[in-house]
Amino acid sequence: MIKKEHIIILLLIAIISILIFGIMNLHHSDNGSEIKNTTISYETIANDTINDKGFVQVMRNIGNPEGKKIAYVVGVHPLENETHRTLLNMLPGIDDLNYNYDIYIINVTEDIGHYGDGSSDNSPGRQNGQNLALKYVYPKIADGDYELAIDIHSNIGAYPYKTFVFIPVKEGLGVDYAREVGEKCENISYYPLESTTSGPYLTIPLNENGVPAFYLEEYSFASQSEKDMHMLELITAVDNLEFS
């Protein structure tokens with residue numbers, strides 16, 4: 001006769017095996033969407049939180065592993081994080097993408113609370129994120145064989161448009177791609193905003209060195225359902241761009 005203790009051990013082994021199998025085959029993002037792409041990997045490219053006041057990670061190989069490469073960047077301005085999370089929650093769970101995507105995730109760990117009301121362009125948390133972008137994200141994207149980079153931000157509604165794409169350079173492929181995305185999106189406009197505090201730390205040097213790059217600006221006070229709708233429009237429009 002099998003002892004009661006042996007039966008309990010066998011049941012526990014079976015339960016643990018089922019749980020491990022489930023974790024390996026079903027990953028869920030924060031909003032509950034299923035991530036089916038098992039090729040996604042994670043890499044930390046900067047982790048000196050004392051000197052850099054933050055760290056940087058990359059979520060790699062989202063979408064079509066054989067497709068051309070596109071980079072998204074989140075976290076340059078840390079308190080715009082609701083929009084950043086919207087991209088992180090949504091993009092990895094979308095099926096049948098045409099291109100291959102990496103998301104560069106900047107995590108500011110010091111002075112985050114000094115920025116958020118839009119009143120200061122030189123606040124410490126904001127600058128910490130910009131420094132991380134220039135030091136770590138810019139060179140990786142510049143040397144990474146990317147067709148395009150999109151930097152994700154949000155705003156408090158101080159512009160003529162609340163949700164829009166723009167690029168802080170006058171001409172080039174980045175301008176063409178931003179315009180095309182604005183034309184493809186029902187709820188995202190193209191707005192030729194000429195300057196931004198973070199431009200010199202990422203999008204301007206990228207455009208000047210061969211990688212087209214533009215911004216998405218989401219309205220900070222939009223509902224989450226609106227943010228989801230806008231982000232899906234952006235992702236779809238970018239995924240349907242044509243690259244030579």
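Setting aside residues within four places of it in sequence, Ile70 touches Tyr99, Asn100, Tyr101, Asp102, Tyr146, Leu148, Ile150, Val238 and Phe243. Keep in mind that this is a predicted model.

**Exercise 1.** Work out where Ile70 lies and whether it is buried or exposed.

*Solution.* Start with the element: Ile70 is part of strand E5. Next, check the accessible area. The relative value for Ile70 is 0%, and the cut-off for buried is under 20%, so Ile70 is buried. Finally, look along the chain: Asp145 is 75 residues from Ile70 in sequence, yet their C-alpha atoms are 8.7 Å apart in space.

**Exercise 2.** Classify the ring pair Tyr72 and Tyr101, and say which parts of the chain it links.

*Solution.* The structure has 11 aromatic pairs in total. For this one, the ring centres are 5.8 Å apart and the planes sit at 35°. Stacked needs planes under 30 degrees apart and edge-to-face needs over 60, so the Tyr72 and Tyr101 pair comes out as tilted. Now place the partners: Tyr72 is in strand E5 (residues 69-74) and Tyr101 in strand E6 (residues 100-108), so distant parts of the chain, 29 residues apart, are linked. As for burial, Tyr72 has a relative accessible area of 0% and is buried; Tyr101 is buried too, at 0%.

**Exercise 3.** Find which lysines lie over the face of a tyrosine ring.

*Solution.* Take Lys69 to begin with: it lies over the face of Tyr146, 4.5 Å from the ring centre. Then there's Lys162, which lies over the face of Tyr219, also at 4.5 Å from the ring centre.

**Exercise 4.** Say what stands out about phi at Asp96 and Asp145, and where each residue lies.

*Solution.* First, the background: most residues other than glycine have a negative phi. Asp96, though not a glycine, has a positive phi of about 60°. Its loop runs between helix H3 (81-90) and E6, and at 75% relative accessibility Asp96 is exposed. Asp145 has a positive phi as well, near 60°. That residue is in the loop between helix H4 (124-142) and strand E7 (146-155), and at 63% relative accessibility Asp145 is exposed.

Definitions and conventions:
Residues numbered from 1 in each chain as written. Predicted model: local features only at pLDDT ≥ 70, side-chain atom pairs only at ≥ 80, totals over all residues. Heavy atoms only, no water. Phe/Tyr/Trp six-rings, centres within 6.5 Å; stacked < 30°, edge-to-face > 60°. Helix = DSSP H or I, 4+ residues; strand = E, 2+ residues; numbered from the N terminus. Buried < 20%, exposed > 50% of the residue type's maximum accessible area, 1.4 Å probe, protein only. Lys NZ or Arg CZ within 6 Å of the ring centre and 35° of its normal. Contact = heavy atoms within 4.5 Å.
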